[in-house]
Amino acid sequence: MQGAETPNTRAIDEKYMRRCIQIATCGLGKTAPNPMVGAVIVYNNTIIGEGYTSPFGGAHAEVNAINSVKDKNLLKKATLYVTLEPCSHYGKTPPCADLITEHKIPKVVIGLKDPHVKVAGKGIIKLENAGCKVTTGVLQEECREHHKRFLTFHEKKRPYIILKWAETSDGFIAPSKEMRNTNPEPFWITNNISRQLVHKWRSEEQGILIGTNTALEDNPKLDVRTWSGKNPIRIVLDKNLKIPSSFHIHEKKQSTIIITSINNLDKIQETGDYKHIDFSKNATYNICETLHESNIQSIIVEGGSMTLQSFIDTNLWDEARIFKGNSTFDNGVKAPTIKGTILHRQQLINDQLTILRNDQEHHI
């Protein structure tokens, strides 16, 4: 912690930092690869400006907050609160630290230092060199939780990974082939409310990942058609390029990354971004490395049991969101086996949702 403080100052700082986190969530699913930052400007115990990160390529939170202040003269006497260290480098937009010093904002309160190699304390140094009083580490754990996708990407060099599946009350995630052959219609385990919630989740993450079998058996669209939001990038594990060109994952209206072991350009179609990896060893690690190189900060894994279990067995997951319906299959594909700390339980009519956190991997 930098800068002198009293218990009362601390309580005030935490109050406004909570507001920063609250408004920052308005950028969920829209800002990546930028972090979804929230900023609040306070003068005389009154909020005079607020902002959160615009969709990628647009203004950062600090810029939006400063622009929202009607009387810019008040900025010289105000305090800026922000969940993450202001940037100090030129990217799609100019450095936020420069804008703060231009307006002579005398005090900045920061939740977290930015781990990005281009920032990493440089924003704080720039502010202090300009005479700004800087306080860091306010609600640090809450800010780390809020920025978990961005931090996982930069600190662990992989996306933030959410596993999702639905299982019957007797523990199956898919019916047997005999049941499928008898009735080719989809076997829904969950209700409409749960399925819409999944589409909301898809809009909040950069990518959605499935394996070959899921693509072949379900021919999914992997979009957000029952929710208003951005479709995620489809990430499909197609080791031997078995998925026919007529399937939904090859439709051009949605971005697709196809991860394959085939390195023969003659077999590559124009419908996706093909990435070659070695599936014979450390496949899950190789997938994560490829997605990191592709600047994918978060994914939701909706694959079959084998794909899900491979992430569990290699301990490459952060959250698991598991629905349990009240139907039974008696036979079929068993649900993955997983252990984690229960974060949340919720009843959605006749479905039960359980959200787990991977504490063995959880350092956020």
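The side chains of Arg-158 and Asp-318 form a salt bridge, with N and O 2.8 Å apart; the term covers a side-chain nitrogen of Lys or Arg within 4 Å of a carboxyl oxygen of Asp or Glu. Arg-158 sits in the loop between helix 6 and strand 6 (160-167), and Asp-318 in the loop between helix 11 (305-313) and strand 13 (319-324), so this pair ties together parts that are 160 residues apart in sequence. Helices (H or I, at least four residues) and strands (E, at least two) are DSSP runs, numbered from the N terminus. Both Arg-158 and Asp-318 are buried, where buried stands for under 20% relative accessible area, exposed for over 50% and partly exposed for anything in between (1.4 Å probe, protein chains only). The model is a predicted one: local features need pLDDT of at least 70, side-chain atom pairs count only at pLDDT 80 or more, and totals for chains, interfaces and linings use all residues. Residues are numbered from 1 along each chain as its sequence is written, and side-chain values use heavy atoms, with hydrogens and water left out.

A second bridge of this kind pairs Glu-302 with Arg-202 (2.9 Å, N to O). Here Glu-302 lies in the loop between strand 12 (298-301) and helix 11, and Arg-202 in helix 8 (residues 192-204), so parts 100 residues apart in sequence are tied together. Glu-302 is buried, at a relative accessible area of 12%, and Arg-202 is buried too, at 9%. Salt bridges with shared partners also link Glu-145, Lys-148, Glu-319 and Arg-321 into one network. Arg-18 counts as partly exposed, with 48% relative accessibility. Over the whole structure, the search turns up 18 salt bridges.

Next comes Arg-149, a residue of helix 6 (residues 148-156). Arg-149 is buried, at 12% relative accessible area, and its side chain makes a polar contact with that of Glu-205 at 2.8 Å. Such a contact is a pair of N or O atoms within 3.5 Å; within protein, one must be able to donate a hydrogen and the other to accept it, and residues adjacent in sequence count only if both atoms are side-chain atoms. Setting aside residues up to four places away in sequence, Arg-149 touches residues including Leu-28, Met-36, Tyr-160, Ile-162 and Arg-321, contact being heavy atoms within 4.5 Å. Lys-126 is 23 residues from Arg-149 along the chain, and their C-alpha atoms are separated by 26 Å.

Thr-260, in strand 10 (residues 256-260), is buried with 1% relative accessible area. A polar atom of its side chain lies 3.1 Å from the backbone oxygen of Asp-238. Beyond its neighbours within four places in sequence, Thr-260 is in contact with residues including Lys-239, Leu-241, Tyr-274, His-276 and Phe-279.

On the nonpolar side, the largest core has 40 residues, of which Ile-41 and Val-108 touch the most other members. A nonpolar core is a set of buried Ala, Val, Leu, Ile, Met, Phe, Trp, Tyr and Cys residues joined through side-chain atoms within 4.5 Å. Elements giving two or more residues to this core include helix 1 (7-24), strand 1 (38-43), strand 4 (107-112) and helix 4 (122-129). Helix 1 gives the most, with five residues. Ile-41, leaving out residues up to four places away in sequence, touches residues including Ile-48, Ala-65, Val-69, Leu-75 and Leu-80. A second, separate core of 29 residues includes Trp-165, Leu-237, Ala-283 and Ala-335.

Within helix 4, Gly-123, Ile-124 and Leu-127 are buried. They span an arc of only 100° around the axis, which puts them on the same side of helix 4; the arc is taken over the directions from the helix axis to the C-beta atoms. The cover over the buried residues of helix 4 includes helix 3, strand 4 and strand 5 (133-136). Just after helix 4, Gly-131 takes a positive phi of about 95°.

As for cysteines, the structure holds zero disulfides, a disulfide being a pair of cysteine sulfur atoms within 2.5 Å. Cys-143 is in none, and the nearest cysteine sulfur, that of Cys-20, is 7.7 Å away. Cys-143 counts as buried at 0% relative accessibility, and Cys-288 is buried at 4%.
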